[in-house]
Amino acid sequence: MRELSLHLLDIAENGIRAGADRVAIRVEESSAGDRLTLCVEDNGSGLPEDKIARIDDPFVTTRTTRRVGLGLSLLAAASRRCEGDIRVESIRGKGTRITAAFRRSHIDRAPLGDVVATMEALVLGNPHIDFCYTHRVDGEEFVMDTHDLKKELGGLSLSDPLVWRRIAEAMRRALGALASGSAPSLPLEDADA
Amino acid sequence: MPELTLEDLKRIKEKTAAAMALRLGHPRATITVHLGDCGISAGARDVMQALLGEVAEYRRPDVQVLAADCMGNCASEPNVTVWVEGSEPVVYQKMDRDKIKEVFRRHLLEGEVLREHVLGR
């Protein structure tokens with residue numbers, strides 16, 4: 001996939017199909033360690049052990065609509081291509097945690113890409129699921145937890161595109177500040193002000 | 001630490017309250033974007049983004065956009081299923097940003113099925 005954020009979308013959707021009602025996505029970047037780590041954790045039904053042992057095999061899948069399961073094997077290949085590795089931890093009935101690490105500066109590492117678009121597809125496409133997105137760059141952290149947002153928004157629906165548009169704008173500004181290393185003074189400025 | 005503050009959320013609530021008052025009781029149409037790995041690789045996230053942009057642009061909160069798994073027709077991804085109240089669902093194939101906007105405007109807003117993009121017509 002051309003962006004790592006597309007892998008995040010794919011792996012998170014897998015968790016939802018496994019019956020999760022909460023998915024946590026973490027992105028961690030370390031300049032000193034030259035590492036970029038993606039982690040997707042869900043509370044779904046978990047992966048069978050025989051499937052975990054064969055995550056590199058694109059012909060292994062839990063789905064019934066077709067006989068190939070490309071997503072996890074693509075992520076495994078992407079991380080290993082970049083001096084990284086993938087770890088799959090799963091407990092039946094409890095959930096799954098998938099962690100993929102990359103050498104951040106590796107020439108073959110795909111860009112992280114548009115994580116806001118990924119969160120948009122997840123949050124709006126799955127209105128009954130809670131998502132927590134955490135992005136850490138050299139110790140600075142951004143957190144968006146839809147469980148908390150839904151409570152704060154009261155009667156408004158977070159999955160309404162009109163509401164989400166403003167959340168996404170704020171998220172883009174915060175992530176931009178995080179990437180540039182200049183943590184903004186908050187509250188975030190209103191784009192329409 | 002960058003975060004969404006309570007003040008941000010209050011402002012969002014105030015600004016969207018008026019538009020939300022127009023919301024109808026239940027969705028009159030549901031558009032499902034199939035977000036399997038095949039769909040995502042073929043551009044389904046872009047399709048969803050463009051579609052959500054249209055829903056917001058045309059102020060149509062009665063149109064629900066949902067994500068779903070692969071339908072098994074990987075060769076025709078990105079696939080999108082459009083259901084409008086009172087009609088049979090229609091599956092569109094090989095969508096992209098421009099095509100889904102056309103589907104939204106002509107099928108959702110004007111009621112015309114775009115036969116040239118329908119899967120298995």
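Helices, of at least four residues, and strands, of at least two, are DSSP runs numbered from the N terminus. In this predicted model, chain B reads α-β-α-α-β-β-β-α along its sequence.

**Chain B: elements, burial and surface**
- Chain B contains 4 helices and 4 strands.
- The chain has 121 residues, of which 50% count as buried.
- Where contacts in chain B join residues at least 6 apart in sequence, 61% of them link residues at least 24 apart.

**Aromatic pairs**
- A:Tyr133 and A:Phe142 are both buried.
- In chain B, B:Tyr58 pairs with B:Phe104 in a tilted arrangement, with 5.8 Å from centre to centre and 45° between the planes.

**Setting of the chain B pair**
- B:Tyr58 sits in the loop between helix H3 (44-57) and strand E2 (63-68), while B:Phe104 belongs to helix H4 (residues 97-109), so the pair ties together parts of chain B that are 46 residues apart in sequence.
- B:Tyr58 counts as partly exposed because its relative accessibility is 36%, a value in between the limits of 20% for buried and 50% for exposed.
- B:Phe104 has a relative accessible area of 0% and is therefore buried.

Definitions and conventions. Residues are numbered from 1 along each chain as its sequence is written. Chains are lettered from A and ligands numbered from 1 in the order in which they are written. This is a predicted model: local features need pLDDT of at least 70, side-chain atom pairs count only at pLDDT 80 or more; totals for chains, interfaces and linings use all residues. Side-chain values use heavy atoms; hydrogens and water are left out. Buried means under 20% relative accessible area, exposed over 50%, partly exposed in between (1.4 Å probe, protein chains only). Contact means heavy atoms within 4.5 Å. Rings of Phe, Tyr and Trp (its six-membered ring) pair if their centres lie within 6.5 Å; planes under 30 degrees apart count as stacked, over 60 as edge-to-face and the rest as tilted.
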